[in-house]
Amino acid sequence: MQKNDAIRCTVQQCAYHANNENYCTLNSIVVGTHETNPTKKECTDCNSFERKNC
Ligand code: SF4
């Protein structure tokens, strides 16, 4: 899959990760939160994440 230069990502366990480079391969992603009142970066999530088949 072709990397998207605009989306850097280090989550190598994701099916959309570019593997040899720390980029996402999707055209766009959705970022969300699992908190009602997010206050730091740990409160946010990539909601486009899909588990890679191992
Ligand atoms: S979908 Fe999200 S977690 Fe997966 S590679 Fe793209 S940016 Fe990273």
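1. The shell around the ligand comprises nine nonpolar, two polar and no charged residues (Ala, Val, Leu, Ile, Met, Phe, Trp, Tyr, Cys and Pro count as nonpolar; Asp, Glu, Lys and Arg as charged; the others, Gly among them, as polar). Among the surrounding residues are Cys9, Cys14, Cys24 and Cys46, together with His17 and Ser48; a residue is near if one of its heavy atoms lies within 4 Å of the molecule.

2. This is a predicted model, in which local features need pLDDT of at least 70 and side-chain atom pairs 80 or more, while totals for chains, interfaces and linings use all residues. Residues are numbered from 1 along each chain, and side-chain values use heavy atoms, without hydrogens and water.

3. Lys3 lies over the face of Tyr23, 4.3 Å from the ring centre (NZ of Lys or CZ of Arg within 6 Å of the ring centre and within 35 degrees of the ring normal).

4. Zero aromatic pairs are present, where Phe, Tyr and Trp (six-membered) rings pair with centres within 6.5 Å, planes under 30 degrees apart being stacked, over 60 edge-to-face and the rest tilted.
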